[in-house]
Amino acid sequence: MGVNACFYAVHMIFGFTNVGFPVVRGKVARSQDTEDRRSRHCPYLDTINRSVLDFDFEKLCSISLSHINVYACLICGKYFQGRGLKSHAYTHSVQFTHHVFLNLHTLKFYCLPDNYEIIDSSLEDITYVLKPTFTKQHISGLDKHGKLYRAYDGTTYLPGIVGLNNIKANDYANVVLQALSNVPPLRNYFLEEENYRGIRRPPGDIMFLLVQRFGELMRKLWNPRNFKAHVSPHEMLQAVVLCSKKTFQITKQGDAVDFLSWFLNALHGALGGTKKKSSIVTKVFQGSMRIFSKKLPHPDLPAEEKEALLQKEEYQEEMLESTFLYLTLDLPTAPLYKDEKEQLIIPQVPLFNILAKFNGNTEKEYKTYKENFLKRFQLTKLPPYLIFCIKRFTKNNFFVEKNPTIVNFPITNVDLREYLTEEAQATEKNTTYDLVANVVHDGKPTEGAYRIHVLHHGTGKWYELQDLQVTDILPQMITLSEAYIQVNKHDGFLI
């Protein structure tokens, strides 16, 4: 047989490709067909138990505690590493005859121990719960309706008005996260991951984890296709513990105002914000004020010596321009003694009385370890969302004391014009605010509990959230609480 004839015979048997590599005819196509058929007709899909699936917890293997290559068993809900022979997921599959797994990173489904990928549109609800996504159109309609959605467990809920697990003692953080999740411009920014995905941070900078986890939590809180009508903030709080170097913990009660202050500043910095460079945090919450400050002579000095000191330059009033992310409102001292008739009376103060601190005239003495100062404040710029922190706690070396005074505040139309400088009054057309979130502290200073009232913009109704409990509440009931943090929306701003 000649060379050509020999080549032809081999060609007929093996089917050389154009580039000269032999392939057994039909074998690849047959195996591909089989693979496709198995991928699209997995016989175990009806064993998936959606009621046990919970993607709110840290994505680590329940055996090796590794974050790498983690799969969720869709039958029991546990997390396992790997899917190859002898991997934890493979062993679990053989031992318990659980066959359907989801890679928590790639969002691909696999059948084990056969180890083929499952492609089926009926699984899309699972990937959406793990990683909800929002279109611009969806986001723009969030505050326009009050449609109730039904979770997989049968409960109905309003997206955004969703309970958060109190893992042990983290209600102080929960209320702040719920308040921020109901500030539309901030929420909308974090619902779209594209807004911050491209931000570059220095190598080893862990603070960006806060941004990622906060974004994930926002998307879960506003997810219209949840399996259950509540969310666990576990991963968000793990990031808080890590990034705050354990200043804020899950197992130990913290202060909501301290947490709010740290979280807003940390978020601003992680988003690339500086004193000069803005971020979504400063665009939404930052206002500015003038602080007038003058040093006071020591009170024990003779009158003549005080007079002489007051003439010196260092005792003259200085003016400083400053920005703020929230305003601290001081409560008048609660009465120490009550007569028999007043035993049940809780002291009350109108909001405008404690706002007088910012009218440019009211002076208050501030004491440091060495020196005393007299200060007065006046606002120069109002932010789109104005946060009030009502100072209820006084801390010293021995104990924390709580002031139970009730603040009488209007829910709508709080006008701040009189607290602005004349120049600012001339430029600010609209100076009224409406309340959108009200954080309350109940009970003793160190053992108390937190709850929050939030306004649902779509329905115009108020809701009270305390851990997993969500109930509607009448607006007039909100004003009877020991308000601690308030978030107010400016009518005239558009972001």
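**Figure 1. Confidence along the predicted protein chain.** In this predicted model, the protein chain has an average pLDDT of 88, and 89% of the residues score at least 70. Confidence is highest in strand β3 (residues 100-103), with a mean of 98, and lowest in helix α1 (residues 3-14), with a mean of 40. Over residues 1-29 the pLDDT stays under 50; for this stretch the model has 17 contacts beyond four places in sequence.

Figure 2. Helix α6 spans residues 171-181 and contains V176. V176 counts as buried because its relative accessibility is 2%, under the 20% cut-off. Leaving out residues up to four places away in sequence, V176 touches A256, F259, L260 and I485. Y450 is 274 residues from V176 along the chain, and the C-alpha atoms of the two are separated by 9.8 Å.

**Figure 3. Packing of helix α9 against helix α11.** Helix α9 (residues 208-221) and helix α11 (residues 256-270) pack with their axes 8 Å apart, at an angle of about 105°. The angle therefore makes α9 roughly perpendicular to α11. On the α9 side, the contact is made by F208, L210, V211 and F214; on the α11 side, by W262, F263, A266, L267 and A270. Of the residues in this contact of α9 with α11, nine are nonpolar, with no polar and no charged residues.

Figure 4. A disulfide is a covalent bond between the sulfur atoms of two cysteines. A search of the whole structure finds zero disulfides. For C111, the closest cysteine sulfur is that of C42, at 4.1 Å, which is too far for a bond, because a disulfide requires sulfur atoms within 2.5 Å. C111 is buried, with a relative accessible area of 0%. C61 is buried, with a relative accessible area of 0%.

**Figure 5. The cis peptide bond between L112 and P113.** Most residues other than glycine have a negative phi, and most peptide bonds are trans. L112 and P113 are joined by a cis peptide bond, with omega about 10°. P113 is placed in the loop between β4 (109-111) and β5 (116-118).

Figure 6. L65, a residue other than glycine, has a positive phi near 60°. The loop between α2 (27-40) and β1 (70-73) holds L65. L65 is exposed, with a relative accessible area of 56%. D467, also not a glycine, has a positive phi near 55°. The loop that holds D467 runs between β23 (461-466) and β24 (469-473). With a relative accessible area of 23%, D467 is partly exposed.

Note on methods: Residues numbered from 1 in each chain as written. Predicted model: local features only at pLDDT ≥ 70, side-chain atom pairs only at ≥ 80, totals over all residues. Heavy atoms only, no water. Helix = DSSP H or I, 4+ residues; strand = E, 2+ residues; numbered from the N terminus. Buried < 20%, exposed > 50% of the residue type's maximum accessible area, 1.4 Å probe, protein only. Contact = heavy atoms within 4.5 Å. pLDDT = per-residue confidence, 0-100. Axes fitted to C-alpha atoms, helices over the stretch in contact; angles between N-to-C directions. Parallel < 35°, antiparallel > 145°, perpendicular 65-115°, else oblique. Nonpolar A, V, L, I, M, F, W, Y, C, P; charged D, E, K, R; others polar.
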